[in-house]
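Welcome, and please open your viewer. We will go from one selection to the next and look at what is there.

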Amino acid sequence: MTARPHGTVIVGASVAGIAAADALRKNGYDAPIRVLDAQPVMPHNKPPLSKQALEPGHDDARLALRPESYFADAEIELMLGCRAVGLRAAELLVDLDDGSALAADDIVLAPGAAPRRLPAAQMLPGVHVLRSLPDAVALRRALDRGRRVVIGGCGFIGAETAAAARKRGLEVTIVEIAPEPFRALVGAQPARALTRLHRDHGVRILTGVGVTAVAGRGRAEAVLLADGRQLPADVVVLGLGVVPAVEWLTGSGLAIGDGVTCDRYGRSSVPHVYAAGDAAAWPDPFTGLPGRIEHWTTAQQQGAAVGHNIARPGDLQSVPAVPYFWSDQYGVRIQSLGWLDDPAEILCVHGDFGAAEFAAVYRRGDKVAGAFGLGAARHLMPLRSAIERRAPWSEITGRSVPAGASA
Amino acid sequence: MKIRIDEEKCCGYAACLSAAPELFDLGDDNIAIVLNPAPPADQHAAAREALAACPTDAIVVEE
């Protein structure tokens, strides 16, 4: 066995980073493992931050990714509150904010992504983003005393936050720049079902208009829209998407595109440097092009694969080929499998788009590419194998593909 | 290998059905059901995949 005096340095105590550490130990890796993260909080699960964690009095201890004893037992050193500011990839050195550097035999980059913000002058008290536990704690406190909530961006973070705020009885408006909310995420008919779900629960959704500014004296008092309207607000939440946290890797020698470019085993362009999670662009199984996936499950799977691949370089593993994510809004379980973008057709295979529950499949060419459902986990999840093997559309739906559509 | 569900933790995300459809189902109460608590060796990898995929850490695997 090769000597590994420095062991593995993992940047990011994210689900991907912790999964990598865990997989290293499970695969017999006995060299040091150090996990560093800029935030001085224990590694935690992020999906609940926009769901249960916004409920009054939520017990944040429930968010722990692992019990504290796990890290000592597995001899995984956590370096929390320690920020990586640079990487010298060829030398396998991670530069830290205190001026020191960590040497490694292998490096895992799992820094995640950062939420988009407004210009600093507009990030007044009362304006929130939602990505980390401290973000969620701050938003929960704001909701405790808030009355009127304006949410910029009707993506899943915005939608889940809207649901949490409505559950508290607050007045909620979502401002979405696209003409049809959710359409770019899940396609036309499912998007209408999601929009209806929110409107039925009392959310006002303004479409085709963007947020231009937040105004207020010393704290947020109103949101200004591109069409000149002003929405009074005491809590403003920005759900404008995220950018991969890779700016600190400029000059590192790594190939960076939209995230760290990796192969299907999580290996970056420089030997012994790997990436996993929101900041990593592994090849898309459908197109072969590098693509980031911002799902918890993918981050977990990529981290586990990278840990395995460092411990057992002779037995490389990739990840399951079908991305999966879920959302919870108003007690409705929303789930997605595979590829929902740019479908040629969407068809219900259970229930219908106007009903409280449905499962739908998405076509690319003459193949099943994805599936999406509301409150229909049992009907939806078995479709994964059909998506994985690119099942013929006709086999799953009993419908033929329009002439000329088969790729 | 023995597998079971911690019903206190299961929230019905059905990630286990996705990872190992031959080992798990979802009941009418949206709580996961183990179809085979002592799976044969060729399903152990799928069971471990389900364990890792569960967002609420509700699958207990004893090896």
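**Stop 1: chain B**

Select chain B and follow it along the sequence: the pattern is β-α-β-β-α-β. That makes two helices and four strands in this chain. Keep in mind as you look around that the model is predicted.

Now view chain B as a whole. Its C-alpha atoms fill a box of roughly 30 × 20 × 15 Å along the principal axes.

**Stop 2: where the chains meet**

Show chain A as well. Here 12 residues of chain B are in contact with 15 residues of chain A. On the chain B side, select helix H1 (15–19) and helix H2 (44–53), the elements that give two or more residues to it. H1(B) provides the largest share, three residues. Colour this side of chain B by residue type and you will find nine nonpolar residues, three polar and no charged.

**Stop 3: a sheet in chain A**

Next, select strands S3, S2, S1, S7 and S20 of chain A. In that order, these five strands form an open sheet with parallel pairing. Strand S3 (76–80) and strand S20 (273–275) stand at the edges with a single partner strand each, so one side of each is left without a neighbour in the sheet. From one strand to the next, the twist averages 20°.

Zoom in on strand S7 (residues 106–109) of chain A, which runs parallel to S20(A) and is joined to it by three bridges. Which residue of S20(A) is the bridge partner of A:Ile107? Pick A:Val273 to see it.

**Stop 4: the core**

Finally, turn to the largest nonpolar core, which has 141 residues. A:Ala20 and B:Cys16 have the most contacts inside it. Helix H1 (residues 15–26) of chain A gives the most to this core, with eight residues.

Centre the view on A:Ala20. Leaving out residues up to four places away in sequence, A:Ala20 touches A:Ile10, A:Val108, A:Ala110, A:Ala276, A:Gly303, A:Val306 and A:Gly307.

Note on methods
Residues are numbered from 1 along each chain as its sequence is written. Chains are lettered from A and ligands numbered from 1 in the order in which they are written. This is a predicted model: local features need pLDDT of at least 70, side-chain atom pairs count only at pLDDT 80 or more; totals for chains, interfaces and linings use all residues. Two residues are in contact if their C-beta atoms, placed from the backbone, lie within 7 Å. Ala, Val, Leu, Ile, Met, Phe, Trp, Tyr, Cys and Pro count as nonpolar, Asp, Glu, Lys and Arg as charged, and the others, Gly among them, as polar. A nonpolar core is a set of buried Ala, Val, Leu, Ile, Met, Phe, Trp, Tyr and Cys residues joined through C-beta atoms within 7 Å. A residue is buried if 20 or more other C-beta atoms lie within 10 Å of its own, exposed if 12 or fewer, and partly exposed in between; C-beta atoms are placed from the backbone. Two strands pair if DSSP finds at least two bridges between them. Axes are lines fitted to C-alpha atoms, for helices over the stretch in contact, and angles run from 0 to 180 degrees between N-to-C directions.
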